[in-house]
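Please read these notes with the structure open beside you. Take the points in order, and check each one by eye.

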Amino acid sequence: MNRPHQARTWLRPAGALLAGILFFLPIYVVLVNVFKDGSSIVSDPLGLPSPPTLDNLQSVLSRPDHLFWYGLINSTEVTVISILIITAISAMLGHYLARTTGIVSKAAMVVLLCGLMVPPAVILTPITEVLRALGLMSSVPGLVLAYIGYYMPFGVFVFAGFAKTIPRELEEAAAIDGAGAFRAFWQVVFPLMRPASASVLIFLGVWIWNDFLNPLIILGPADGTTVTAGIYRAIGEHQADYGSVFALMFLATLPILIFYLAFQKQFVKGLTGGATKG
Amino acid sequence: MRVGTPHRPEAPSATPVKQSAAGERGRDTHAKRIAPTPRRARTKGGLSRFAVFAAPGLVVYLALVLVPIAMTTGYSLTNRNPFNPPTRWVGLDNLTGLFSDDEFLKALQNTVVITVIVTLVTNAGGLAIALLLDRRGWLYNALRSVFFVPVVLSAVVVSVIWQSILVDDGLLNSMLRDLGVHHPPGWLSDPGLALYTVSWVIAWQGLGFCVVIYLAGLQGIPQELYEAAAIDGCGPLMRFRKVTWPMLAPAVTINTVMSLIGGFKAYDQIQVLTNGGPGPGTTSTLAFQVVQTAFNGNHVGYASAMAVVMLVLVAAVSVVALGLLQKREVTS
């Protein structure tokens, strides 16, 4: 990577650093103000907390209505169950469609890919009616089912693309060894698709955790809320108390941020798979 | 026996010929050659394979995406309102009504404005930052992560962060007042400004996505091309125009299509930052208008007509954009 030599070598790192600082400023504001009391948030929003206080975090964790804890439990439940089921089902479907060549499976592929661009708002009303008919409205299984349908195209897209890189001979060998199609898939093919599974799990994990509109409408206000819908409700309640709103956002983001940092490499790899093919 | 034996020595000699032909023509012929033997087994097991592998995904997709699309289309031809039955068939009245509905037209216009601004800002900004960060070292690695953080955050969280900064007595305006600006702009309360503020927040969140895609594109450009261009006497600007920009075509395609689709879907940021205001629908988008009309107004039929228009627009824009951009990839 020997780029042509440039004269002012400090210009690039300085410019990059400045751009990074300006860009990050809004997040910095949240991070420092989580650890300040109300009056110093107003008087000195940009300064470092001195002395830092954990009052905001504590007040969120010990809210009498358990908004954060209920949200955390619901978000975790919805996200984990959804991404596991979507990964399993879309891996089977994607692999199946990549391996069969009939006109039906080609048509199914096209119809699935069209689903990639359907805005959630377009189908939200009928989804609530389908779920109501199934008796799953205002429930975690209902929300999970909605996600399975909505994100099926993405999973199929990733797995079908990846399945084409796996040599067919491996599956034929497994079949000759007497493994049924089901066992051959889960014991031979699925482990080989680990990079695709990683992409699907990570992307969907982030998207579902952060989703707002579907939990707001499908889970509804009565029974439960997810962390994102909970933040929206909290800002309605105490508009001015930024200390506790920031603390709630900080706690709500922490799990998904840790999840992302743990899988950062695969995340970026999955993202850039298509951009480097040219 | 006498009929059978002459065939036997022939058989092995026939197979190698077939095989070499298959080898030359590659995979497809190879597959065809294998196919005849297990065909019966395949069609027999085909149905159960379909039931196990394909059916679960297809059934859920059918029930929760395709059927709802059909239902939306059907509702759009009625005056459906769950709290005001009976539902009547109104034909294309909803659709024609939309085009004289100022609120809808405003939402359509806002959606276009947001989409265009977001697409331009994320692509131009993303490319500029990617060019800046296209070096090795810990500083550039760290900065890459910094720009990517908002992509991982919830749109609600991002909107609340920016709201705390941009409200009338928020951080930005109190800083401006300290600097001696007596009447700082109402970033979210000025009807002429709020739409651009909202667009900026959406663009800020999407920027890191474009940065990562452009960086990957830049790193895929062979160094020799730059060296050849330098030998031919190209300056930095010429190198960008003749090498970098054409080689980035696939990255431009991905980023543009993703920004277009993302801009069209904009909902969360509107609800948190402005709730469609200030004033009637000044920042309302198609998605916001659809949800408001369906769930707050209960005019499901009318909202469905909006949703159909939205779906057709998204499809048309993505197909046209994808077609144009991929054509560019091939020719350049």
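This is a predicted model: local features need pLDDT of at least 70, side-chain atom pairs count only at pLDDT 80 or more; totals for chains, interfaces and linings use all residues.

The points below go from the overall make-up of the chains to single residues.

1. Local features are discussed here only where pLDDT is at least 70. Please keep that in mind throughout.

2. What secondary structure does chain A have? It comes to 14 helices and 0 strands. Chain B has 15 helices and 0 strands.

3. **Overall form of chain A.** The radius of gyration of chain A is 23 Å. The globule rule gives 19 Å for 278 residues, so chain A is more spread out than a compact globule. The C-alpha trace of chain A spans about 75 × 65 × 35 Å along its principal axes.

4. **Burial and contacts within each chain.** In chain A, 43% of the 278 residues are buried. In chain B, buried residues make up 39% of the 332 residues. Now take contacts between residues at least 6 apart in sequence. In chain A, 74% of these join residues at least 24 apart. In chain B, residues 24 or more positions apart account for 70% of such contacts.

5. **Two domains in chain A.** Chain A is divided into domain 1 (18–53) and domain 2 (67–271). Their centres, taken over C-alpha atoms, are separated by 34 Å. The contact takes 7 residues from domain 1 and 7 residues from domain 2. On the domain 1 side, the elements that give two or more residues are helix H1 (11–33) and helix H2 (38–43) of chain A. The residues on that side divide into 3 nonpolar, 2 polar and 2 charged.

6. **Where the chains meet.** How many residues does each chain bring to the contact? Chain A brings 68 residues and chain B brings 73 residues. On the chain A side, the largest share comes from H1(A), with 13 residues. What kinds of residue make up this side of chain A? They divide into 53 nonpolar, 13 polar and 2 charged.

7. UniProt lists "transmembrane region" (unreviewed entry) for residues 12–35, 67–91, 103–124, 144–163, 184–209 and 242–263 of chain A. Two of these spans can be compared with the model. Residues 67–91 of chain A are 100% helix and 0% strand, with end C-alpha atoms 35 Å apart. Residues 144–163 of chain A are also 100% helix and 0% strand, and their end C-alpha atoms are 26 Å apart.

8. In the model, residues 145–165 of chain B are 90% helix and 0% strand, and the end C-alpha atoms lie 23 Å apart. Residues 193–216 of chain B are 96% helix and 0% strand, with the end C-alpha atoms 35 Å apart. UniProt also places the feature "domain: ABC transmembrane type-1" (unreviewed entry) at residues 108–321 of chain B. That span is 77% helix and 0% strand, and its end C-alpha atoms lie 19 Å apart.

9. **One helix in detail.** Look at helix H10 (residues 194–210) of chain A. It has 17 residues and reaches 24 Å from its first C-alpha to its last, close to the 24 Å expected at 1.5 Å a residue. Is H10(A) largely enclosed or largely open? In H10(A), 12 of the 17 residues are buried, so the helix is largely enclosed by the rest of the structure. Among the buried residues of H10(A) are Val200(A), Leu201(A), Ile202(A) and Trp209(A). Ser197(A), Ser199(A) and Asn210(A) are on that list too.

10. **Two residues with positive phi.** Most residues other than glycine have a negative phi. Ser138(A) is not a glycine, yet it has a positive phi of about 60°. Its place is in the loop between helix H6 (120–133) and helix H7 (140–163) of chain A. Asn275(B) also has a positive phi, near 50°. Asn275(B) sits in the loop between helix H13 (268–273) and helix H14 (286–296) of chain B.

11. **Exposure of those two residues.** Why does Ser138(A) count as partly exposed? Because it has 17 C-beta neighbours inside 10 Å, and a residue needs 20 or more to be buried. Asn275(B) has 12 such neighbours, so it counts as exposed.

Key:
Residues are numbered from 1 along each chain as its sequence is written. Chains are lettered from A and ligands numbered from 1 in the order in which they are written. Domain bounds come from an automatic or database domain assignment. Two residues are in contact if their C-beta atoms, placed from the backbone, lie within 7 Å. Helices (H or I, at least four residues) and strands (E, at least two) are DSSP runs, numbered from the N terminus. Ala, Val, Leu, Ile, Met, Phe, Trp, Tyr, Cys and Pro count as nonpolar, Asp, Glu, Lys and Arg as charged, and the others, Gly among them, as polar. The radius of gyration is taken over C-alpha atoms; the globule rule is 2.2 Å times the number of residues to the power 0.38. UniProt positions are given in the numbering used here, feature names are shortened, and annotations may be inferred rather than shown by experiment. The expected span of a helix is 1.5 Å times one less than its number of residues.
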